[in-house]
Amino acid sequence: MVKIPVKVKLPFLWGRAVFSKSEWSHINLVVGPNGSGKTLLVDAISNQFAKAGYSIKFLRADRGSDSESISILQENEAIREKVQTVLSSMFGKTIVFKMTEDGAYIPVVENRAWNVEYNLQEVECHGLKEIITLLVALYANTGNTCLVFDEPELHLHPQFQQFFAEELRRVSSRHPKRIYFVITHSPFFIDLRFPDELFGVIVCHTNREPTHIESLGKKDAELFRRFLPRFNTYHKQFFFSDNQIFVEGYTDQQMFASLLPYVHTERGVAGTGIIDVGGKDELGVFCKVCSLLGTDSRIITDLDSLFGGKLRDVFCADERAELWLEKQEEKQRPFYEKIFTSRELNHKVTLEKLVLRLERFLAVFGRELCNLHARNDLPPEIALLSECLYSLDQKHIHSENIDTFKTVSLQGVMAEGDLQVQLEKYLPEQTAETLPIIRNLFAIVVAGAAAASVYILPRGCIEHYYRRSDVRYMPVSSKDRLFHAEREYLLTADEADVRREYAELISILESACAR
């Protein structure tokens, strides 16, 4: 890390806000959507680096034909040979320089496969010209230099983008006094291998100042150390937009992506993507990364996320959820007095505290449903719910502590129609009286999570919203078969049917898309 205090003001982009950063990595990645001021920011940063004694080399996105690179290739044999070696392995071609009749040197490509040569400046592909310019700038960078690459991905195949990112890492490791900035829209340049490399990421936003991670606690550093190896190119899309929505798995991603065109929000859904991350714990990590980077992530997750995992820890501790609860304090005070003792109310009511109380109510409710299992006079709806809970109870010791048991219990409480009336009839009176309390408590918890941009599927998981199958409780079997049947229908149904049949999912998606 290099310590150079920098402050940047760009009022026409951020108003009165000031971007401040003092600690700089040897490779700094500047990312964000178009029009967020990335190049202007790095211009201002590099000017302050120049005042600190750094020589600035800025390769801009509109660099075109770089005569300086050609000149270096002509005059510096060592760099010329290094570039020729790299290009030979990449393209199966060799660059040589030949003198024209007027004494000037031009780069010529020898295509060994066809035994022909041609003028690079006249006929060669943009990609080869681009990689030559990048490599020459990288290899010729000397001394106490700050080198800026603005959109180095231009005209480059993804494999060549990845190659240059790796080459930049290799060269920078040999020259610790040099500083590099990469302004990019390409996930192939988000080459993060260690938690402390997150300090080198600067995220630009639309209409607010850029953000970055200033420090990492030991717990978060360990979390990212385990997470980064699973952090693939597809996941890295969130660095380039504040409009990404994270979901657990590919079925969620496919369903919500198919429904995205039906969303109507004030600002539309341009730039919004649906990214699946592979599980609720991974959702928690993405939520944490976005929070630290200052990126406005949105998450749609299954109901069981309430009852365990990293995501619950993150959104319960989110400042936005805390602020929302503070605003609700006066309104909800009479309700809190029903569910908490006076001693408990001497301490702050947090989202975590509300979830724990919800779990306590659900444990009692679920246990009472299990006790009904042996009765022969149960209505079919209650019998099905009781059978599901009883089955879980037989599989697990202290089943009331199992996430799925709590989730099924909550699904039963929140079920619509005749089941609500039937539950009040067959449950013990004291337990039946808690049903409206549980429903109200659940509504508060869901709203608190939404304040932290975490949107919980109240029915359970995505399969509970399918229209081609009847999925009642968790766990859900044959998910892949159910998904493909649903997807086929969704892709062929007319707009009116989609809007009517998937209205709940579209509403949740609209909430997540709103900014």
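These legends describe close-up views of a predicted model. Local features need pLDDT of at least 70 and side-chain atom pairs count only at pLDDT 80 or more, while totals for chains, interfaces and linings use all residues. Residues are numbered from 1 along each chain as its sequence is written, and side-chain values use heavy atoms, with hydrogens and water left out.

**View A. The cis peptide bond at Met474 and Pro475.** Met474 and Pro475 are joined by a cis peptide bond. Its omega is about 0°. Pro475 sits in the loop between strand 15 (454–456) and helix 19 (479–492). Helices (H or I, at least four residues) and strands (E, at least two) are DSSP runs, numbered from the N terminus.

**View B. His155, a residue with positive phi.** Phi of His155 is near 70°, and this residue is not glycine. His155 belongs to the loop between strand 8 (145–150) and helix 7 (158–174). The residue is exposed, at a relative accessible area of 51%. Buried means under 20% relative accessible area, exposed over 50%, and partly exposed in between (1.4 Å probe, protein chains only).

**View C. Asn207, with phi near 70°.** The phi of Asn207 is positive, in a residue other than glycine. Asn207 is placed in the loop between strand 10 (201–205) and strand 11 (208–212). Its relative accessible area is 61%, so Asn207 is exposed.

**View D. The salt bridge of Glu222 and Arg225.** A salt bridge is a side-chain nitrogen of Lys or Arg within 4 Å of a carboxyl oxygen of Asp or Glu. By this rule the count is 30 salt bridges. In this pair, the closest N and O atoms are 2.9 Å apart. Both residues lie in helix 8 (residues 218–227), 3 residues apart, about one turn of the helix. Glu222 is partly exposed at 36%, and Arg225 is partly exposed at 46%.

**View E. The salt bridge of Glu329 and Arg333.** The N to O distance is 2.9 Å. Glu329 and Arg333 are 4 residues apart in helix 12 (residues 319–339), so about one helical turn separates them. Glu329 is partly exposed at 26% relative accessibility. Arg333 is partly exposed too, at 29%.

**View F. The salt bridge of Glu504 and Arg459.** The side chains meet at 2.2 Å, N to O. Glu504 lies in helix 21 (residues 503–513) and Arg459 in the loop between strand 15 and helix 19, so the pair ties together parts 45 residues apart in sequence. Glu504 is partly exposed at 37%, and Arg459 is partly exposed at 32%.
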